[in-house]
Structures are given as structure tokens and as C-alpha cells.
Amino acid sequence: MRTLKLTVAYDGTNYHGFQKQTNALTVQQVLEEKLSLLCGEKIVTVGSGRTDTGVHARGQVVSLTTSGSIPLENLLKACAGILPKDIVLWQAEEADEGFHARYSACWKRYCYRIVQNKHADPFLRNYVWQMREYLRLEAMQEAAQLLLGTHDFSFFRSAGSVQSSPVKTIYRAEWLPKEQGELEFCIEGNGFLYHMVRNIVWHLVEVGKGTKSIAAFKSEFAAGKRHFKVAPAPPQGLYLDYVGYIPHFLADIEKIRK
């Protein structure tokens, strides 16, 4: 049996998230159907993590085992012709036996896009959070630095989260100003709770608007008591950007970010 590691990008607009569901179309379902056709056997995949309805991925990693002998180059070419246009297989690699896209992962990077504009752009509606307010970038940057290190992130966990440790280590949390009023928030860590990134973005935006002080953000984060009354930032602005399989401190981060 071969173990394969696939890197997949997708536009999540038309899917109810990555993970298979019984009553809804998901990215994993489409991948398994098409890969089963190509490999001539039932293929079961494992993703590095779930993404919610409407969330996108530039670097979702998928693992699978197959008894088929299709060359990786042929698999890439065939997937380009058989997958829908909103799902693209970017890379296919042979992996060691026992490689698991989720459990072998050491860290992940998520990015969240915001566009500040006077008038909503219909062509951006599925890919960014659009807002008329102009945010105070310096304040959001200062608040984001409070996330660095190892902390209990219970305050940013949404209802419905699976039971897992709320203690996570964040290696990077940074706002990047782009062109034409766009801001991108990039966060790298060894794990993330359900809706954690979207909840973080929502609170940082409140700081950027001036409706929440940095001191209040710090106090609420430290208290760790999630009240579940705040809706997370919209899903369409969120992207699973990269999944790392060696420890963060060993990775060539600057090369990965290019």
C-alpha cells in the first residue's frame, strides 16, 4: 500500500465545509468520489483539519492510502481534468507509512482578509469581509501581540467545539496592510479551537473600530470565560493557508511565506 500526501486548494463558497456530511455537499466528498474513479478503488481521505461552510483553503493537506500504482504526475494531470474548477490538487507526494494529515501536523497558518471600502464590491463578497469603517491598524497590531506564546484560548472557543485542550501556542499573529484598503491577518500556531481564528478577528476588529479597548481585550482574554453571545467574523474571509509537518522552529518560515 502507498501512502500519499496531497495539497489541495479550494474555494469553499459552494460547499458545506471540508469534512463529509450526510446531507450536504463537502470538499472531502467530492475529492473521495473523484480519486476513487482515478485509482479504481474506494478512497478514504483524511484532512489536516475541518473548514466551515464558506471558508477557503490554499494549503489543505489530505492523506490517503492506495494499492494503485498511478504515477503522481499522472494523478495531478488527471485531477486537473476531473475535479470541479473550485477544487485544485496542487501537489501530490509519496509519504511514509503511518503519515496522517491531521495527527502528523505540527502547526498551521490561517489568514483572514478584510477590505475597507465605501461601497460593497459584489465581486469580493465571497472572499473577504467588507466593511465601511476604517480600522485603527496600530491598535489591532498591539492587541494581536497579546496572543503570542502559550495561553488558554477558551475565550475564543465557540459553542459546539469538540472537547480538546484550550491551551495552544501561537507563534505569529500579525496584520498586514495590502493595497486598496485590504488588511490580512495571519496567525500561526500549533492548534486552533472551533471558530478560534474568526472569534479572534472579530474582537481585534472591535479594537480597530475603537469600541473595545486594548486593556479590555487583554482582560477578557486572560479571564478565559467565553460568553457565546458574539457571532464570529464572517467565514468567507478565512483561508487555511499552510500546514507544517516539522516543528515551527525548524521550518524555513520566510521561504514558506513567499
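# Exercises on loops, a helix and ring pairs

H195 sits in the loop between strand 9 and helix 4 (196–209). Helices (H or I, at least four residues) and strands (E, at least two) are DSSP runs, numbered from the N terminus. The model is predicted: local features need pLDDT of at least 70, side-chain atom pairs count only at pLDDT 80 or more, and totals for chains, interfaces and linings use all residues. Residues are numbered from 1 along each chain as its sequence is written, and side-chain values use heavy atoms, with hydrogens and water left out.

## Exercise 1

Solution. Most residues other than glycine have a negative phi. Next comes cover.

Now turn to Q180, in the loop between strand 8 and strand 9.

## Exercise 2

Describe the span of helix 1, list its buried residues and say what covers them.

Solution. Take the span first. Helix 1 covers residues 27–39, 13 residues in number. Its first and last C-alpha atoms are 18 Å apart, close to the 18 Å expected at 1.5 Å a residue. The expected span is 1.5 Å times one less than the number of residues.

Then pick out the buried residues: V27, Q28, V30, L31, E32, L35, S36 and C39. An α-helix has 3.6 residues a turn, so residues three or four places apart point the same way.

Their cover includes strand 1 (2–10), strand 2 (46–47), strand 3 (56–66), helix 2 (72–82) and strand 4 (87–95). Finally, look just past the helix. G40 follows with a positive phi of about 70°.

## Exercise 3

Place F18 in the fold and list what F18 is in contact with.

Solution. F18 lies in the loop between strand 1 and helix 1. With a relative accessible area of 2%, F18 is buried. Leave aside neighbours within four places in sequence. F18 is then in contact (heavy atoms within 4.5 Å) with Y10, T26, V27, Q28, L31, G47, G49, T51, Q60 and V62. Q60 is 42 residues from F18 along the chain, and their C-alpha atoms are separated by 9.3 Å.

## Exercise 4

Count the aromatic pairs, then classify Y112 with W129 and F156 with F217.

Solution. State the rule. Rings of Phe, Tyr and Trp (its six-membered ring) pair if their centres lie within 6.5 Å; planes under 30 degrees apart count as stacked, over 60 as edge-to-face and the rest as tilted. This gives 11 aromatic pairs.

The rings of Y112 and W129 have centres 6.3 Å apart and planes at 85°, so they are edge-to-face. Y112 is in strand 5 (residues 107–116) and W129 in strand 6 (residues 129–131), so the pair ties together parts 17 residues apart in sequence. Y112 is buried at 0% relative accessible area. W129 is buried too, at 14%.

For F156 and F217, the centres are 6.0 Å apart and the planes at 40°, so this pair is tilted. F156 is in the loop between strand 7 (149–152) and strand 8 (167–177) and F217 in helix 5 (residues 214–223), so parts 61 residues apart in sequence are tied together. Both F156 and F217 are buried.

Terms used: Buried < 20%, exposed > 50% of the residue type's maximum accessible area, 1.4 Å probe, protein only.
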